[in-house]
Amino acid sequence: MDTANLSPKSDHIHRMFTAVPPRYDLINHIMTFGQDIRWRRLAAKACLEKKPQRVLDIGCGTGDLTINIARSAGKGVEVTGVDFCQPMLELAEKKAAQSGVGEKVKFVYGEATNLPFPDGHFDCVGISFAFRNLTYKNPVKEKHLSEVFRVLKRNGRYVIVESSQPANRTLKTLFNLFLRGFVAPVGSLISNNRGAYKYLAESVSHFYSPPEVKQMLLTAGFSDVSYRPLVFGTAGIHIATK
């Protein structure tokens, strides 16, 4: 991919995630105390709820959601992961093979503002902890959302598992302290990439509230937007229908 065509925000994220793959999964597990594994399983279950024939994991990273979907999907279901970070995709392919689903999934190199798929191709699009990167202070967030909308079939679903903002003020304050005092320094230490985990803590602590995410999705043309909070609202699953 020619990164010269990326927006400044997308290029910044691309450089960060190209640098962190070797310990990316370990850091995620440590930061969430292993809860991210359960959250992705719940998201995979939501992706398969309407018995889709084609499912896309956008911003698939090292492939955890893609692999979870493939493990639970019935015979003949096409499962695809797309990401714009080649080192992440290489790890995803290895993990899929080790998990026994290597032949059930396909990983594609592509960028979220120009998805390499035809209109109405997928019954469901899932995304795990990349929605924030595509939308938080991102000047091309509308393009990201319009591309997801474009590749979905009519009545197709967009399943988002992402960090969230607790409604309770005290919990929100404690959560933000945890992000700054634990997530940022520990992630920086393990990955040797201070900038990536400083960004992570900042973007999570200032990310949109569930009502704001709902309005964003409705504005993009989706309907029937629902939200399920996880762990006191520090994360959640949003589901929107085309």
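Q: What makes β2, helix α5 and β3 a right-handed β-α-β unit?
A: In this predicted model, β2, helix α5 (residues 86-98) and β3 make a right-handed β-α-β unit, a crossover being right-handed if, with the strands pointing away from the viewer, the path from the first strand over the helix to the second runs clockwise. Helices (H or I, at least four residues) and strands (E, at least two) are DSSP runs, numbered from the N terminus.

Q: How do you know that strand β2 and strand β3 pair, and are they parallel or antiparallel?
A: Two strands pair if DSSP finds at least two bridges between them, and five bridges join β2 (residues 78-83) to β3 (residues 105-109), which run parallel; one of the residues involved is T80, whose bridge partner in β3 is K106.

Q: What is the order of the strands in the open sheet, and which strands stand at its edges?
A: The open sheet has seven strands in the order β3-β2-β1-β4-β5-β7-β6, with mixed pairing. β3 and β6 (223-230) stand at the edges because each has a single partner strand, so one side of each is left without a neighbour in the sheet. On average, neighbouring strands are turned by 15 degrees against each other, direction ignored, where axes are lines fitted to C-alpha atoms, for helices over the stretch in contact, and angles run from 0 to 180 degrees between N-to-C directions.

Q: In what sense do β5 and strand β7 pair, and which helix packs on the sheet touching β5, β6 and β7?
A: Seven bridges pair β5 with β7 (residues 235-241) in the antiparallel sense, and V159 has I239 as its bridge partner in β7. Helix α10 (residues 210-219) packs on the sheet and touches β5, β6 and β7, its direction making about 155 degrees with that of β6; contact here means heavy atoms within 4.5 Å.

Q: Why does the structure hold zero disulfides?
A: A disulfide is a pair of cysteine sulfur atoms within 2.5 Å, and the structure holds zero of them. The sulfur of C47 has its closest cysteine sulfur in C124, at 3.8 Å, which is too far for a bond. C85 is in no disulfide either, with the nearest cysteine sulfur, that of C60, 9.6 Å away.

Q: Why is R157 called buried, and what does its side chain reach?
A: Buried means under 20% relative accessible area, exposed over 50%, partly exposed in between (1.4 Å probe, protein chains only); R157 has a relative accessible area of 10%, and therefore counts as buried. R157 has its place in strand β5, and its side chain reaches the backbone oxygen of A46 at 2.5 Å. Beyond residues up to four places away in sequence, R157 touches several others, among them E49, D123, C124 and T241.

Q: What makes T241 buried, and where does T241 lie?
A: T241 lies in strand β7 and is called buried because its relative accessibility is 15%. The C-alpha atoms of T241 and V159 are separated by 8.9 Å, although the two are 82 residues apart along the chain.

Q: Is P166 buried or exposed, and where does P166 lie?
A: P166 lies in the loop between β5 (152-163) and α8 (169-191), and its relative accessible area of 3% makes P166 buried. Leaving aside neighbours within four places in sequence, its contacts include F175, F232 and G233.

Q: How do you know which residues and atoms these values rest on?
A: Residues are numbered from 1 along each chain as its sequence is written, and side-chain values use heavy atoms, with hydrogens and water left out. Because the model is predicted, local features need pLDDT of at least 70 and side-chain atom pairs count only at pLDDT 80 or more, whereas totals for chains, interfaces and linings use all residues.

Notes
Polar contact = N/O pair within 3.5 Å; in protein donor to acceptor, adjacent residues only side chain to side chain.
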